[in-house]
Amino acid sequence: MMKKAVTSQWKGALVLPMLIAGALTTGSFYAQAAEEQHTPQPPDVRLGPLYHAVQSANLFPDQKTFADAVPKFNPSSILADWQMQKNQRNFDLRRFVDSNFTLPAKGEDYVPPANQSLREHIEGLWPVLTRTTDKINQYDSLLPLPKPYVVPGGRYREFYYWDSYFTMLGLAASGHWDRVQDMVDNFAHELDVYGHIPNGNRSYYLSRSQSPFFSLMVDLLAQHDGDSVYSKYLPQLQKEYKYWMTDAQSVAVGSASKSVVKMKDGTVLNRYWDARDVPRTESYMYDIATAQKVPQRDKAALYRDLRASATSGWDFSSRWFDDPKDLSTIRTTEIVPVDLNALMFHLEKTLAHANKLANKDEESQRYEALAEKRQAAINRYLWNEKGGWYADYDWKRNSVRTQLTAAALYPLFMQAATDDHAAKTADAVEKQLLKAGGLVTTTVHSGQQWDAPNGWAPLQWVAVDGLNHYGKQTLAKEISIRFLDNVQATYDREHKLVEKYVVEGNLGGGGGGEYPLQDGFGWTNGVTLKLMDMYCPKGVTCNNVSDLKKAQ
């Protein structure tokens, strides 16, 4: 039903070219970036009206397919040919695309050996999900990286930012510290080349980053290689902070600029942001269809809010909406998110630690002071006193948002919570978010993938690790076992791990959102191994969840 409804909207979009005029004519962010850093333009800018025509024609079930297609010739020449041929009699757009582009190949479905344990299956997947792209076609939207990396799986053929941290937890559990090192080096490379870590290594992701987990990756590597890691990556940690805090000094009180928001008391917090305000390249017609629903709304602002939600990784969730069940009411850029600011607190603490190790005491003290100020702001602005949990803050309306989401556990995860706030949050999470198959993302059933009934592996880990920091081991273990049981049962039935899971009602693979459920899956693999090892007795190898329970 959803696909039919969207398709009809796409057809309607063909008569509204003005909706996407900005995508065809501006590209100002990329023009500037390309001039400064020789940054490649994304396909929707390079191909302009041809990109719009192909996506509008709905030639491919997944909008990402054409975004990832590689031009066989100079894109300017292809565009000129299309302009010349498109009005000719019997012109066939699909044939034109096939003649001028190499479409992404669908990889062979991975068939694991029979009778593998859950652990053996995950261990066997690491090489299957590993890619090397140090050299690429000059017209490819893929961005080169110097070292091998692990992709999530399925339609995700590239390297993703926040996904990778949870994947790296599993690589470390598997003893693949060389690959953990490779992935940290790749992110450091992106910070050196682009000044930030893109959402993924595609040209169309360059206008945004994603939840800043780089400091946690450095922490992870330091567990194996020691404190020298902090000195090695100090320049990149500073670049990460500079990117997120751009305009912090110049932005006016009570307003926002890029990723920073200056509260009325002068405190600077962060929001999710994207430098572009046009339809997402990889979900092009979906965004145009959303814009059609609200003709009265400023399209550029809507597109930026959709993109900013992708920056958060929670694309999409009622967390960002005014109407919990209506995507077109999204207001991501007007919200100060609790997860982002907890992560920024960790980045500030890491910079304080790294500078201290480098004997830069003044800098260390400066970052420590910034962290203390942010921690106080988190516990002031991002605390819902009436509900008794951490929540996002609406900086436009000067009020804390009422919804309880799994993001409430980030201040515990990053140890920014007070003991009292942590205890109250844990109680609320246990009563409202703990379900039969793990932790549900929100309590709202909106049809979006980052809402009920779905639970996601990274949020299980955030919850478990955060609760353990504050003495809530019983609840942490209950979340872990319920989620692991869900993963194991789905694996036993379908012989695969998936991107997200239904955690209430009929348990198993999750749904909702813009695309079908994806197999693989990097962060599920990583969190599953980490949780199994956490609760498996020392000296025992738990290959399945049943082994873990027997060993208790």
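Is Glu 499 buried or exposed? In this predicted model, Glu 499 is buried, because its relative accessible area is 3%, under the 20% limit for that class. Glu 499 is listed together with Asp 315 under "active site" in an unreviewed UniProt entry, and the points below begin with this pair.

**Annotated active site**

- According to the unreviewed UniProt entry, the positions labelled "active site" are Asp 315 and Glu 499.
- Glu 499 sits in the loop that runs between α22 (473-494) and β16 (501-502). Leaving out residues up to four places away in sequence, Glu 499 touches Tyr 156, Gln 449, Trp 456, Tyr 515, Leu 517, Gln 518, Phe 521, Trp 523 and Thr 524.
- A polar contact of 3.4 Å joins the side chain of Glu 499 to the side chain of Lys 500.
- Asp 315 is located in the loop between α16 and β8. Asp 315 counts as partly exposed because its relative accessibility is 22%, a value that falls between the 20% and 50% limits.
- Residues up to four places away in sequence aside, Asp 315 touches Arg 280, Ser 309, Ala 310, Gln 449 and Trp 450.

**Annotated binding site**

- The unreviewed UniProt entry gives the label "binding site" to Arg 155, Trp 162, Asp 163, Asn 199, Arg 208, Ser 209, Gln 210, Gly 313 and Glu 514. From this set, the lining of the largest cavity takes in Arg 155, Trp 162, Asp 163, Asn 199, Arg 208, Gln 210, Gly 313 and Glu 514.
- Trp 162 is part of helix α10 (residues 161-173) and counts as buried at 1% relative accessibility.
- Beyond its neighbours within four places in sequence, Trp 162 is in contact with Gln 210, Ser 211, Phe 213, Ser 312, Gly 313, Trp 314, Tyr 410, Trp 450, Pro 458 and Trp 523.
- Gln 210 lies in the loop between α11 (177-194) and α12 (214-225) and is buried, with a relative accessible area of 5%. The side chain of Gln 210 reaches the backbone nitrogen of Trp 162 at 3.3 Å.
- With neighbours within four places in sequence left aside, the contacts of Gln 210 include Tyr 161, Asp 163, Asn 199, Trp 244 and Gly 313.

- The centres of domain 1 and domain 2, taken over C-alpha atoms, are separated by 42 Å.
- Tyr 410 touches Trp 162, Phe 213, Val 338, Asp 339, Ala 342, Leu 343, Leu 459 and Val 462, not counting residues up to four places away in sequence.

**Other buried parts**

- Eight of the 10 residues of helix α15 (residues 284-293) are buried; among them are Tyr 284, Met 285 and Tyr 286.
- Thr 333, in the loop between α16 (299-312) and β8 (335-336), counts as buried at 10% relative accessibility.

**Backbone geometry**

- A cis peptide bond, with omega near 10°, leads from Asp 315 to Phe 316. Phe 316 is in the loop between α16 and β8.
- The peptide bond from Ala 452 to Pro 453 is also cis, with omega near 10°; Pro 453 lies in the loop between β14 (438-439) and β15 (454-455).
- Asn 90 is not a glycine, yet its phi is positive, near 70°. Asn 90 lies in the loop between α7 (75-85) and α8 (93-100) and counts as exposed at 68% relative accessibility.
- Asp 247, likewise not a glycine, has a positive phi of about 75°. Asp 247 is in the loop between α14 (234-244) and β5 (255-257) and is partly exposed, with a relative accessible area of 24%.

Methods:
Residues are numbered from 1 along each chain as its sequence is written. This is a predicted model: local features need pLDDT of at least 70, side-chain atom pairs count only at pLDDT 80 or more; totals for chains, interfaces and linings use all residues. Side-chain values use heavy atoms; hydrogens and water are left out. Buried means under 20% relative accessible area, exposed over 50%, partly exposed in between (1.4 Å probe, protein chains only). Helices (H or I, at least four residues) and strands (E, at least two) are DSSP runs, numbered from the N terminus. Domain bounds come from an automatic or database domain assignment. Contact means heavy atoms within 4.5 Å. UniProt positions are given in the numbering used here, feature names are shortened, and annotations may be inferred rather than shown by experiment. A polar contact is a pair of N or O atoms within 3.5 Å; within protein, one must be able to donate a hydrogen and the other to accept it, and residues adjacent in sequence count only if both atoms are side-chain atoms. On a 1 Å grid over the protein atoms alone, a cavity is a set of points where a 1.4 Å probe fits but cannot get out, and a pocket is an open set with protein on both sides within 12 Å along at least five of seven lines; lining residues have an atom within 4 Å of a point.
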